Amino acid sequence: AAGSGAPAERALACEAGALDVGEWRGDGFSYSRPHVDKVSVHEYEQSALLYLTSHGADFEGGKLVFHDEGLDSTLSPSAGLLASFPSGFPHLHSVQPVTAGSR
């Protein structure tokens with residue numbers, strides 16, 4: 001059910017990098033499936049990610065992938081990197097599942 005779990009349990013899951021937003025909200029959303037942010041939150045105009053950890057040093061997997069027509073572009077996160085892009089179409093993207101560590 002949406003919002004299930006005690007706040008302390010959600011905080012611990014979040015700190016461990018294991019909070020599944022779709023499960024918590026109850027809508028089945030998954031960052032690992034291609035999506036457009038504006039579909040989930042209509043008010044979004046710009047999406048931004050500020051990375052505090054680095055791929056390879058702090059975690060494995062978790063790369064940001066943009067699904068462009070005929071070509072996928074992959075961004076490898078590194079601490080201090082700011083990725084910003086318009087939230088609407090055609091900025092279809094996903095995040096590869098994290099296989100180790102915390103993103």
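Trainee: What is the strand order in the open sheet of three strands?
Mentor: The order is 4-3-6, and the pairing is antiparallel. Strands here are DSSP E runs of at least two residues, helices are H or I runs of at least four, and both are numbered from the N terminus. Two strands pair if DSSP finds at least two bridges between them.

Trainee: Which are the edge strands?
Mentor: Strand 4 (71-75) and strand 6 (93-95), each pairing on one side only. The twist averages 20 degrees from one strand to the next. For such angles, axes are lines fitted to C-alpha atoms, for helices over the stretch in contact, and angles run from 0 to 180 degrees between N-to-C directions.

Trainee: How many bridges join strand 3 and strand 4?
Mentor: Five, in the antiparallel sense. One to look at: Leu64 has Leu75 in strand 4 as its bridge partner.

Trainee: Is this predicted or experimental, and how far do I trust details?
Mentor: It is a predicted model: local features need pLDDT of at least 70, side-chain atom pairs count only at pLDDT 80 or more, and totals for chains, interfaces and linings use all residues. Residues are numbered from 1 along each chain as its sequence is written, and side-chain values use heavy atoms, with hydrogens and water left out.

Trainee: New topic. Which residues make up the largest nonpolar core?
Mentor: Six residues: Tyr51, Leu64, Phe66, Ala83, Phe85 and Val95. Buried means under 20% relative accessible area, exposed over 50%, partly exposed in between (1.4 Å probe, protein chains only).

Trainee: What does Ala83 touch?
Mentor: Leaving out residues up to four places away in sequence, Ala83 touches Ser47, Ala48, Leu49, Tyr51, Leu64 and Leu75. Contact means heavy atoms within 4.5 Å.

Trainee: And Gln46, why does it count as partly exposed?
Mentor: Because its relative accessibility is 47%. Gln46 belongs to strand 1 (residues 46-50).

Trainee: Where does the Gln46 side chain make a polar contact?
Mentor: With the side chain of Ser84, at 2.9 Å. The Gln46 side chain also reaches the backbone oxygen of Phe85 at 3.5 Å. A polar contact is a pair of N or O atoms within 3.5 Å; within protein, one must be able to donate a hydrogen and the other to accept it, and residues adjacent in sequence count only if both atoms are side-chain atoms.

Definitions and conventions: Core = buried A, V, L, I, M, F, W, Y, C linked by side-chain atoms within 4.5 Å.
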